[in-house]
Amino acid sequence: MFSHILKLIWNRKRNNALMITEIAIAFIVVLMISVLAVSNYRNYQVPLGYEWQDHWQISLGISGGWSTDTNRETLRQMIAALKSQEAIDSVGVVKEPLFFNSVWQSSTRSDDRLITFNANTLDDEAFETLSVNFLAGRAFDERDNGQGYRPVIVNQLFVDTYFSNGDALDKLMPGDNANGGTLPRKIIGIVEEFRQYGELAKPVPYVISRFDIATGHQPSAIVIKVKEGTDINYEQHLSTLLKGIAPEWHFSFVTLKSQRSQSIENELTPLIVLSIVALFFVIMVALGLFGVLWQNITRRTQEIGLRRAIGASAMSVHQQIIGELMMLAAFGILAGLVLAIQVPLLGLFPELDWFSFWVSFAIAVAVILSLSFVCALYPSKMATRIDPAYALHYE
Amino acid sequence: MIKLNNVNKTYFTDKIETIALHNISLEVETGEFVSIMGPSGCGKSTLLNIIGLLDKPNEGSITLEQENVEQYKEKQLAKIRNEKIGFIFQGFHLIPELRVIDNVELPLLYRKISSKKRRELALEALEKVGLSARSHHFPSQLSGGQQQRVAIARAITGKPSLLLADEPTGNLDSHMGDEIMQILEDLNKNENTTIIMVTHDDDEAKRTDRLIRVFDGQLIH
Amino acid sequence: MFKNYLIIALKVFQKRKFFTFINLFGIVLTMSVLVVGLTLLENYIYPGHAEKNHDNMLSVSYLRALNKERTQSSSSDPGYYFLNKYVKPLKSADKVSIFSSPRMVSVYLDGQQVKSRMRLTDADYFSILDFNFKQGSAYQQDDFEQGRSVAVINQHTKSLLFNDGNAIGEKIKFDEKVFTVVGVVDNVSLLEQDAYSDIWVPYTTAPSSSYKTDFMGGWGALIYVDSEDKRQFIQSEYINALKNHFEPYASTGSDTVYATVYSTADTKFSRLARDINNSRTFDTGDDQLLLMLGLIAIAFMLLPSINMINLNVSRILERSTEIGVRKSFGASSGHLVIQFLIENILLTLIGAAVSLIISIGILEYIEYLGLIPYAELSINTSVVVITLVLSIFFGTLSGIYPAYRMSKLNPVIALKGAA
């Protein structure tokens with residue numbers, strides 16, 4: 001049966017090549033969408049590492065350049081003023097804002113190994129403000145003052161990526177000249193995660209340095225944790241408060257809740273649009289395959305009639321028609337795979353890992369095969385209804 | 001008018017080779033009405049297709065009105081078919097989507113003729129087969145005999161000098177067949193059109209100027 | 001001849017409705033996506049509202065600066081200092097406006113709060129851009145120079161704050177400062193990047209003039225010229241000024257000294273090209289973008305084309321009698337290729353027409369969802385023309401191979417097949 005179908009396919013290779021090409025392209029389209037869906041889903045499964053439910057983020061528009069001492073003093077006053085508010089539980093400062101695609105990448109050489117990571121700077125209290133989940137070690141505090149190292153906190157992924165034995169706490173890394181001199185960096189804490197770019201971004205090795213008002217780089221936001229039930233009208237109060245301290249700065253307020261849903265929406269909208277287009281493409285391909293099969297059955301009435309006449313059962317004709325398309329689909333998938341696998345092989349899309357690729361591959365294979373099966377169902381049924389006597393008389 | 005010289009035609013299918021025509025030499029004069037007879041599969045349709053330049057012989061030459069078409073390209077052959085040859089088939093082969101008049105016009109589409117002139121010529125041809133009243137019907141609305149008359153109109157609308165008819169009455173009853181034969185005879189006499197007709201009917205063959213018998217790809221004299 | 005082909009084509013479409021439907025489905029899907037994409041692109045490159053004089057405008061929106069050793073570089077939108085020093089003095093420019101990028105502010109009015117985008121501008125901004133004032137007018141040079149707290153707001157903000165009433169003379173408060181509304185303008189879409197905002201106020205009202213020292217970030221400029229021809233001249237004048245007369249700039253609070261800068265005065269298209277190509281030099285890569293757009297369109301047509309090719313190839317035998325007859329009566333292969341191509345192109349043209357109608361719906365839905373703030377997306381003549389050209393291309397792409405196969409059908413076999 002198997003080799004018989006192969007022979008049939010080979011003898012009609014010119015038309016079948018077209019079918020295989022079509023299935024291959026459709027497969028790649030489905031694969032592409034599944035890769036996006038799978039990797040987004042997997043990213044979403046990874047814990048965020050901090051709380052956002054009762055938090056606000058105040059972006060700071062600092063006028064006249066950060067480095068002046070006045071500005072540093074202004075920020076100090078602001079933090080104090082916010083802390084004294086009844087409705088505010090906790091106040092933290094971040095250099096790169098949360099749920100924003102504001103990326104700070106950095107790298108260092110350690111033992112002739114290039115360690116690359118995304119970075120941020122948080123002040124001591126930010127960890128408490130955001131309820132960051134520590135797996136080991138601790139947040140920054142006075143014990144880090146005046147030491148012969150610069151404290152850093154890393155995420156577990158950083159440890160997994162760069163410390164083969166999993167033992168990273170209290171280890172030292174070289175300092176970098178651009179940021180805070182040549183002091184070596186010491187890992188004083190390991191957090192589960194700190195996914196600054198939101199839940200749909202790919203988790204990356206992440207290193208957090210200590211923000212120090214006296215010497216730190218310009219911070220972009222203050223994060224506050226407010227008491228439950230604090231409504232948006234409180235914003236006006238805070239705005240007046242902060243403008244009173246720094247009339248020349250400008251502030252924009254956003255709840256982390258709305259910033260988070262905005263960031264999810266930004267990630268998902270293009271994906272949804274793509275998926276809708278792909279869905280229609282798949283329907284189109286299904287209709288096309290169905291049409292071609294139908295047409296082929298009409299054309300092959302004689303062949304099928306002959307098969308019935310020499311004793312093929314309705315079932316075996318049924319199986320043969322479906323088998324033929326499934327075989328073509330298998331070839332198409334194979335051709336599509338040969339092309340698609342180049343992407344992870346050549347590392348064209350660094351976000352894509354092999355696990356996601358193979359899971360998506362399995363999904364795409366299932367989609368294409370079941371699609372082919374459904375498309376072949378009706379035409380094959382039609383084929384079994386061919387009356388051998390009539391078919392042989394045809395022509 | 002037409003001259004075949006040692007024409008051979010062999011068909012190759014997979015591993016078997018079938019000899020369809022073997023060393024055929026044949027000459028038909030202008031104005032002749034020739035019939036071809038022979039059992040099915042003897043090669044008479046192949047012979048007609050070769051005369052009609054639809055099929056190419058493997059060997060031998062064909063001369064049509066002093067033109068040797070042996071080396072002609074597809075495009076040149078198409079032009080000759082268009083201008084000099086008219087076909088009539090057993091199965092009529094009218095295009096069902098087109099009205100009678102549009103079917104008749106078909107050969108003129110491939111010439112540089114204005115649409116007004118085409119319409120005129122097509123109506124003229126329909127007049128000759130007595131169907132000008134049906135020019136706006138669809139083929140399916142006509143009887144078999146009427147359809148074949150339309151097919152004849154289509155074959156003569158381009159004023160070809162040679163008509164090739166492959167069992168033109170094969171699908172018709174004797175009464176209708178007689179009508180068709182009458183039209184062909186009139187065309188032959190009145191317009192001096194050369195006609196080569198494949199037939200199974202002895203009576204029809206007798207009404208023609210000359211009968212050629214084909215058996216196993218060879219002419220029998 | 002043409003008419004004959006059209007009749008046959010339409011009859012064939014009618015006769016095999018299911019196949020016509022499948023083919024049309026693919027065509028409409030493909031063309032709809034292309035029409036929507038084209039419309040977005042068209043609305044961006046040829047804006048119709050405030051930026052409708054785009055042919056007389058150039059925009060400066062990008063600045064990259066490097067130190068002497070080229071080891072440190074920084075890029076973003078330019079700062080006020082830079083624009084004031086290098087764009088404002090351009091000799092051939094008839095008008096230059098400097099304005100900030102929009103930023104979010106919270107506007108308070110009678111206990112309600114509205115989040116709006118706010119832009120700081122000069123007075124020339126309103127003479128270069130062609131805002132449609134519903135109420136009042138723009139602030140004038142005098143308002144600007146005196147630093148009066150006046151604001152122009154858009155229709156959206158007005159209806160949020162003042163419902164249907166008159167807004168002129170009303171006070172709104174943001175950044176702890178009270179502004180008097182002097183004008184209400186029609187909403188301007190995000191696609192008009194230099195005009196887009198909710199609120200506009202003179203930058204002389206800023207609490208401090210520290211923006212005047214910003215080299216990088218937060219600002220943009222528009223250059224206006226009387227005639228389109230002067231645009232190229234300005235573009236090279238600007239690049240020349242940056243190449244030959246740039247004075248090294250020491251940024252405040254860091255020891256970096258910028259020695260080289262890259263920036264261009266862009267048309268709408270070259271600005272898009274820079275954004276998409278991520279161009280970092282004086283070359284924005286317009287040709288690359290054009291090539292890329294073409295390739296995307298073709299790649300996008302590939303799957304539907306193969307789908308149609310497949311279907312049509314499987315249907316060749318349906319037409320065998322017709323092909324046999326036509327060949328017998330003197331149609332050459334060329335004639336037949338043309339006939340079947342015309343048939344296919346007719347189908348893609350019908351599909352394109354349907355797509356145009358469907359796209360109107362899709363575009364309305366995009367507006368309804370607010371995916372592009374304030375966008376009013378309409379399909380105009382040039383989109384229609386490009387769509388028709390694309391659909392002819394699509395019809396050829398998907399029709400040529402089946403047409404070739406049909407034309408090569410052996411007439412002898414074709415006629416025998418249906419006897």
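## Domains of chain C

Domain bounds, as used here, come from an automatic or database domain assignment. On that basis, in this predicted model, chain C is divided into domain 1, which covers 2-46 + 288-417, and domain 2, which covers 54-283. The centres of domain 1 of chain C and domain 2 of chain C, taken over C-alpha atoms, are separated by 45 Å.

The contact between these parts involves 11 residues of domain 1 of chain C and 13 residues of domain 2 of chain C. On the side of domain 1 of chain C that touches domain 2 of chain C, the elements that give two or more residues are α2 (17-45) and α9 (286-314) of chain C, and the largest share, three residues, is that of α2(C). Sorted by class, this side of domain 1 of chain C has eight nonpolar, two polar and one charged residues.

## Domains of chain A

Chain A is likewise assigned two parts, namely domain 1 (2-45 + 263-393) and domain 2 (63-248), and the centres of domain 1 of chain A and domain 2 of chain A, taken over C-alpha atoms, are 51 Å apart. Seven residues from domain 1 of chain A and seven residues from domain 2 of chain A make up the contact. Two or more residues of the side of domain 1 of chain A that touches domain 2 of chain A are given by each of α2 (13-45) and α7 of chain A, and by class this side has two nonpolar, three polar and two charged residues.

## How the chains meet

Two pairs of chains are in contact, and of these, chains A and C share the most contacts. Chain A and chain B, by contrast, are joined by no contact, and their closest C-alpha atoms lie 12 Å apart.

The contact of chain C with chain A takes 32 residues from chain C and 39 residues from chain A. On the side of chain C that touches chain A, at least two residues are supplied by each of α2, β5 (103-109) and α9 of chain C, with α9(C) giving the most, 10 residues. The classes on this side of chain C are 18 nonpolar, 10 polar and four charged residues.

Towards chain B, 23 residues of chain C are in contact with 23 residues of chain B. Here the elements of chain C that give two or more residues to the side touching chain B are α1 (2-15), α10 (320-328), α11 (333-369) and α13 (411-417), and the largest share, six residues, comes from α10(C). By class, the side of chain C that touches chain B has 12 nonpolar, eight polar and three charged residues.

Helix α7 of chain A, residues 256-299, packs with α9(C) at an angle of about 15°, and the axes of the two helices are 9 Å apart. Because angles under 35 degrees count as roughly parallel, α7(A) is roughly parallel to α9(C). The crossing in which α7(A) passes α9(C) is left-handed.

From α7(A), the contact is made by F281(A), M284(A), V285(A), G288(A), G291(A), V292(A), Q295(A) and N296(A), while α9(C) brings L303(C), P304(C), N307(C), N310(C), L311(C) and S314(C). By class, the contact of α7(A) with α9(C) has seven nonpolar, seven polar and no charged residues.

## Strand pairing in chains B and C

In chain B, strand β3 (residues 33-37) and strand β9 (residues 210-215) pair in the parallel sense over four bridges, and the bridge partner of M37(B) in β9(B) is R213(B). Strand β9(B) also pairs with strand β10 (residues 218-220) of chain B, in the antiparallel sense and over three bridges, where V214(B) has L219(B) in β10(B) as its bridge partner. The hairpin of β9(B) and β10(B) has two residues between the strands, and in this hairpin D216(B) takes a positive phi near 50°.

In chain C, four strands form an open sheet in the order β3-β2-β14-β13, with antiparallel pairing. At the edges stand β3 (73-76) and β13 (249-250) of chain C, each with a single partner strand, so that one side of each is left without a neighbour in the sheet. Strand β2 of chain C, residues 63-67, pairs with β3(C) in the antiparallel sense over four bridges, and L63(C) stands opposite S76(C) in β3(C).

Key
Residues are numbered from 1 along each chain as its sequence is written. Chains are lettered from A and ligands numbered from 1 in the order in which they are written. This is a predicted model: local features need pLDDT of at least 70, side-chain atom pairs count only at pLDDT 80 or more; totals for chains, interfaces and linings use all residues. Ala, Val, Leu, Ile, Met, Phe, Trp, Tyr, Cys and Pro count as nonpolar, Asp, Glu, Lys and Arg as charged, and the others, Gly among them, as polar. Two strands pair if DSSP finds at least two bridges between them. Axes are lines fitted to C-alpha atoms, for helices over the stretch in contact, and angles run from 0 to 180 degrees between N-to-C directions. Angles under 35 degrees count as roughly parallel, over 145 as roughly antiparallel, 65 to 115 as roughly perpendicular and the rest as oblique. A crossing is left-handed if the near helix is turned anticlockwise from the far one by less than a right angle, and right-handed if clockwise.
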